[in-house]
Amino acid sequence: MKKPFSRGFCGFRHGRGGGFETQNQPQFPKKGRPSTSESCGYVIYMKIGFFGGTFNPIHNAHINVALAARDKLGLDKVMLVIAADPPHKGNEFLAHQWARYDMVCAAVKEYPELEVSTVEFELAPPSYSVKTLRLLKEKSPNDEIYFILGSDSFLKLERWYEYREIMKLCKFGVYLRGGDDVSLVLEYKERYLSQYGAQSVILDGEVSDVSSTSIRELVAQNRDFSDILPGDVCEYIDKNGLYGRYWDLSAEAIRVWVKEHVPERTYYHTVRTAQTAALLAEKYGADPKKAYLAGLLHDCSKGMEISLMRELTEKGGGVCVDEYGNNPQLLHAGASVALARDVFGITDEEILGAIRYHTLGREKMSVLEMVVYCADLIEPGRRFDDVEELRKKDAPRIEKLFLECARVVNRFVRHNGFVLHPDTPKAIAYYERLLGGNK
C-alpha cells in the first residue's frame, strides 16, 4: 500500500529531512547569537523553547502559551514538537500525525518565531521526551533548551521516563492554569533545583482551562468551537471531517488513505457524503456508524486506471463488468467494494452493499443502501438543478427520498444524452409500485 501522507497538504511542506525540517525555517542555523555571559564556559548559540504535545487539535491556548514563553524567556524560537506515539495517551482518538501537523502549521503561519517540528515522527515509538531532547542536544549541543509544560505535568516530572536525564538536558518554562496551587508549584521548583539541579521559570499569566478533549467533544456534538481555535484550523477540521460523532481511529485510517489516493475534489466530496449519510441514517433508522464508513469508502477507487478498476470490479462481485464497458462512473462502485474488503478488511455485507449500489440503485435496497445513495447525491457540495429541493424534502420514509433522487439522476442522464444503465429504471419502477405510483 502506498504510504499515507507522503506529500504535504494545504500548501505546507512536510518536514522529512532527518526529522528536523520545520514549517518556517531551518531549526538549527549555523550561526547563532553570542551570549552576553561567558560564565558557563561556552557560547550559547540559541535559546529554544521545546513545546511538545499531541495538538489534537491545536487551539488558541497553545498559541498563547508559546508566545508567553517566547516573551518571558527571551527565546529565539519556540518549537512545537508534535507527538507521534505518546505513551501516556493510551487509546485516545488521535488524528493522523500528518493531519495534526497540517493543523499546527495552519495555526502558526502568522508567527515566524513559532516553528513546527516533526522530529518525533522519525524516532522509534513510543514518543518519550528524553529521546527527543537527546537528539536535539546531539544536533546542537550549545543551544539552551527550555522545556515548556503545564504545572500539572511539572508536578509529575519524577514519574516520567528517564526524568533525571531530562532535568540535565533542559531547563523548564512552567505555565499555570486557573485554580493552581502556586505555592506547591514553587515548592517543587525549589526541590527540583536542590535535588537535581533543574532550573525552572514560572511563566506570566494563566492559561484558560480549554482542552483538546473538550474541543473534540464540541465537534462531535456539532456545537460551535470557532472562538477557541484559529480560523484555519476550524476550516481544516470541517473540510476533513475530523472528530465528528462517528469519527474514530478506524474511520481516520480510511480517511487518510482516501485523501492520499483519490483526486482532491473526490476526497472532499467523500467526507461530505460520509457526514450526510450518518445524518440520514440517524433519521431513517440505519446504523450511522456503518453509513459513515460506507460514505468514506464509496468512491475510494476514483482516479485509478480503467484497467485496474475493471479488475477490481470483477473482484468486488455483484456486477457484470462487461455491462459497464470502460465507464468509470459505473465501474468504480464495484472496485471500491474490492478495496474496502481487501485493503481495510470490511466484511460487513451491509456496508459493502451500500458501496456497491450507491451509483445505480436496485430493487429491494436496504435502508443503508438507500441512505448512502441519497447522501452521495445531496451532500452540501453538490451543485445542480433540483438539489436544493431534494435537500429540503422531509420524506417520512427513506424509500420516498430515494425515489426522488433516482428520478433526478434519470432525468440528468437522459438530458445529457448518456446511456442509462437498466438497473436505475428498474429501481424507480419498483419503488413507484411500492409507494403507490407517483406518491
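This is a predicted model: local features need pLDDT of at least 70, side-chain atom pairs count only at pLDDT 80 or more; totals for chains, interfaces and linings use all residues.

Colleague: Which residue does Glu282 form a salt bridge with?

Modeller: Arg245. The closest N and O atoms are 2.9 Å apart. Glu282 lies in helix α10, residues 264-284, and Arg245 in the loop between α8 and α9, so the pair ties together parts that are 37 residues apart in sequence.

Colleague: Is Arg245 buried or exposed?

Modeller: Exposed, with a relative accessible area of 52%.

Colleague: What does Lys289 form a salt bridge with?

Modeller: Asp248, with the closest N and O atoms 2.8 Å apart. Lys289 sits in helix α11, residues 288-297, and Asp248 in the loop between α8 and α9, so this pair ties together parts that are 41 residues apart in sequence. Lys289 is partly exposed at 21% relative accessibility. Asp248 counts as buried at 17%.

Colleague: What about phi of Tyr243?

Modeller: Phi is near 70 degrees there, a positive value in a residue other than glycine. Tyr243 is also in the loop between α8 and α9. Tyr243 is buried, with a relative accessible area of 2%.

Colleague: Back up to α8 itself. Which of its residues are buried?

Modeller: Val233, Cys234, Tyr236, Ile237 and Asn240. They cover an arc of only 160 degrees around the axis, which puts them on the same side of α8. Gly231 and Asp238 are exposed on the other side.

Colleague: Why would residues three or four places apart point the same way?

Modeller: Because an α-helix has 3.6 residues a turn.

Colleague: What do the buried residues of α8 pack against?

Modeller: Four helices: α2 (97-108), α7 (212-220), α9 and α10. Helix α10 is also where Glu282 lies.

Colleague: Switching to strands. How do β2 and β3 run?

Modeller: Parallel, with 4 bridges joining them. Strand β2 covers residues 77-82. Val81 has Ser117 as its bridge partner in β3.

Colleague: Which way do the β3 side chains point?

Modeller: Leu114 and Val116 point one way, Glu115 and Ser117 the other. All of them are buried.

Colleague: Which side chain does Glu144 meet in a salt bridge, then?

Modeller: Lys171, at 2.4 Å from N to O. Lys171 is in strand β5, residues 171-177, and Glu144 in strand β4, residues 144-150, so the pair ties together parts that are 27 residues apart in sequence. Glu144 is buried, at 14% relative accessible area. Lys171 is partly exposed, at 22%.

Colleague: How many salt bridges in the whole structure?

Modeller: The search finds 27. There is also a network of salt bridges linking Lys400, Glu404, Arg407 and Glu432.

Colleague: Where are the cis peptide bonds you have looked at?

Modeller: One joins Asn56 and Pro57, with omega about 10 degrees. Pro57 is in the loop between β1 and α1. Another runs from Pro125 to Pro126, with omega near 0 degrees. Pro126 lies in the loop between β3 and α3.

Colleague: And phi at Glu162?

Modeller: Positive, about 55 degrees, although Glu162 is not a glycine. Glu162 is in the loop between α4 and α5. Glu162 is partly exposed, at 36% relative accessible area.

Colleague: Last one. How far apart are Ser153 and Val174?

Modeller: They are 21 residues apart in sequence and 9.0 Å apart in space, C-alpha to C-alpha. Ser153 is in helix α4, residues 151-154. Ser153 counts as partly exposed, at 25% relative accessibility.

Technical notes: Residues are numbered from 1 along each chain as its sequence is written. Side-chain values use heavy atoms; hydrogens and water are left out. Buried means under 20% relative accessible area, exposed over 50%, partly exposed in between (1.4 Å probe, protein chains only). Helices (H or I, at least four residues) and strands (E, at least two) are DSSP runs, numbered from the N terminus. Two strands pair if DSSP finds at least two bridges between them. A salt bridge is a side-chain nitrogen of Lys or Arg within 4 Å of a carboxyl oxygen of Asp or Glu. The arc is that of the directions from the helix axis to the C-beta atoms. Contact means heavy atoms within 4.5 Å.
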